[in-house]
Amino acid sequence: MRRFTSFARNLFVKKSEEVAEMSPKRYFINPLIETVTVNEEVVITEHKLKETVQNVIGNISNNFKPTERNAEDGVYLGTAGVSYMFYHISKIPTFIDQKDVLLKSGLEYLKPALKVALKCAPRTKDVPAFILGNSGIYAVASVLFNALGNEKECLRYKELFNKAGNIVKEKRFLECGSDELFVGRAGYICGAIWLSKALNTSVPQQDLHEICSVMVASGREYSQRHKSPSPLMYAYYNVEYLGFLDANPKDALAIKQSIDFLLSLQDSEGNFPAAMDEVHLSKNELLHWCHGAPGIIYLMAKAYLTWNDVKYLNSCIKMADIVWKKGLLKKGPGICHGVAGNGYVFLLMYRLTNEHKYLHKALSFVNFLENDKFKREARIPDHPYSLYEGIAGTACFVADCTNPIAAAFPFSDIF
């Protein structure tokens, strides 16, 4: 077993005899399940949150070096994701006194990722992938260099990102499915919107609408070919995943109808099936950002902001309720399928409703990360320092709790 120090070590240490006795459930029982009220005080201090973030950063710096060996798999697992973490934290007012140091550290972790990305650039199918490929690295590079005042490098990587958009316009640039979030068009569109916000520039509307039109046409064609009950349907590696993105205004009706179809699949507890072959299940067990309510809540929240229909807000409330009940995942502390990712649900709901109880719930999830039971029994992620699986994402979540009015899951600010 790999050795860890300080906060990360406390999070991941497990004993074999304790693991053998673990419950088959996917989550820890929330010890505060019945205690949170609207007016309850938040007991965790900003100083403590800041200290926790510093401990996480120290562990990453000591145990996950900025090398090319650690730079593969884009922002999801590689050093580019850690670079993003430094940038993310540098924007939060609580850490303004450390901004320069954070940005310089971000640059050190970005360098090997850029080397790896530029080496694999001839493999065109890897270039447009935002979370697992080159375009995410280019976007982080453009934003980081902009924050560092290097306009030339900022524009260089912005242009490389924009060029990648030409590839995703091809109808089937990936045989396994071209519309998915991690490697396909949906991810590229999300990245383009994030990049434009971060650089305070307008989204290239013509290019994005063209990509969105291709994506909607792809979903409509697949739906008709497979006689799907949803106007738009998408598959990735032959699995019909349930996920949609607000795109071209002329296709808004089909998109809304597809969202409403997805809404009809919400179960009595508030969760959603991850794929069409799971629709028949009476209960949906997966409760991760990557599968289930903690990811779908962003879509329904955006639908509520777009159409102002209370049914979408009610769906979000149900999702937040089940995350509070079953969201302390044994998979670890990460944002893709861990406690921090589910904690972001409450930061989203706090911004959406301005109800104090959701902030308290987010902070309660932070506290649970240092709970003795979690330290003993939580699983060790395969990539324990990465942005999505490991503690780099956890650091973003904890840091965001110091400024909840602007908190956002990485690359996914819907406001």
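This is a predicted model: local features need pLDDT of at least 70, side-chain atom pairs count only at pLDDT 80 or more; totals for chains, interfaces and linings use all residues.
**The annotated site**

An unreviewed UniProt entry carries the annotation "binding site" for Cys290, Cys336 and His337. These residues span 48 residues in sequence, yet no two of their C-alpha atoms are more than 6.5 Å apart, so they gather at one spot.

Cys290 sits in the loop that runs between α11 (252–263) and α12 (293–307). With a relative accessibility of 27%, Cys290 counts as partly exposed.

His337 belongs to another stretch of the chain, the loop between α13 (310–326) and α14 (339–353). Is His337 buried or exposed? His337 has a relative accessible area of 18%. Buried means under 20%, so His337 is buried. Leaving aside neighbours within four places in sequence, the contacts of His337 are Tyr76, His288, Cys290, Leu329, Lys331 and Glu389.

Helix α5 covers residues 79–90, which is twelve residues. At 1.5 Å a residue, α5 should span 16 Å, and its end C-alpha atoms are 17 Å apart, which agrees. How many of the residues of α5 are buried? The count is twelve of twelve, and the helix is mostly covered. Among the buried residues of α5 are Tyr84, Met85, Phe86 and Tyr87.

Helix α10, residues 205–225, has 21 residues. From its first C-alpha to its last, α10 reaches 30 Å, close to the 30 Å expected at 1.5 Å a residue. The buried residues in α10 include Leu208, Ile211, Cys212, Met215, Ser218, Gly219 and Tyr222. An α-helix has 3.6 residues a turn, so residues three or four places apart point the same way. Just after α10, Lys227 takes a positive phi of about 50°.

**Salt bridges**

Side chains of opposite charge can pair when their charged atoms come close. Over the whole structure, a search finds 19 salt bridges. The table gives three of them.

| Glu370 | Lys48 | 3.8 Å |

The side chains of Glu370 and Lys48 meet in a salt bridge. Glu370 is in the loop between α15 (356–368) and α16 (372–377), while Lys48 is in helix α3 (residues 46–63), so the pair ties together parts that are 322 residues apart in sequence. Glu370 is partly exposed at 28% relative accessibility, and Lys48 is partly exposed at 31%.

Glu108 counts as partly exposed at 40% relative accessibility, and Lys111 is partly exposed with a relative accessible area of 40%.

Lys326 counts as buried, at 12% relative accessibility. Elsewhere, salt bridges that share partners join Lys171, Arg172, Glu221 and Arg225 into one network.

**The nonpolar core**

The largest nonpolar core has 135 residues. Which residues have the most contacts inside this core? They are Ile60, Met85, Trp194, Met300, Tyr388 and Phe397. Helix α14 gives the most to the core, with ten residues. Met85 is one of the buried residues of α5. Phe397 touches Ala340, Gly343, Tyr344, Leu347, Ala362, Phe365 and Val366, not counting residues up to four places away in sequence.

**A buried glycine**

Gly187 is placed in helix α9 (residues 185–199). At 0% relative accessibility, Gly187 counts as buried. Gly187 and Phe130 are 57 residues apart in sequence, but their C-alpha atoms are 5.4 Å apart in space. Not counting residues up to four places away in sequence, Gly187 touches Phe130, Glu180 and Leu181.

Terms used:
Residues are numbered from 1 along each chain as its sequence is written. Side-chain values use heavy atoms; hydrogens and water are left out. UniProt positions are given in the numbering used here, feature names are shortened, and annotations may be inferred rather than shown by experiment. Helices (H or I, at least four residues) and strands (E, at least two) are DSSP runs, numbered from the N terminus. Buried means under 20% relative accessible area, exposed over 50%, partly exposed in between (1.4 Å probe, protein chains only). Contact means heavy atoms within 4.5 Å. The expected span of a helix is 1.5 Å times one less than its number of residues. A salt bridge is a side-chain nitrogen of Lys or Arg within 4 Å of a carboxyl oxygen of Asp or Glu. A nonpolar core is a set of buried Ala, Val, Leu, Ile, Met, Phe, Trp, Tyr and Cys residues joined through side-chain atoms within 4.5 Å.
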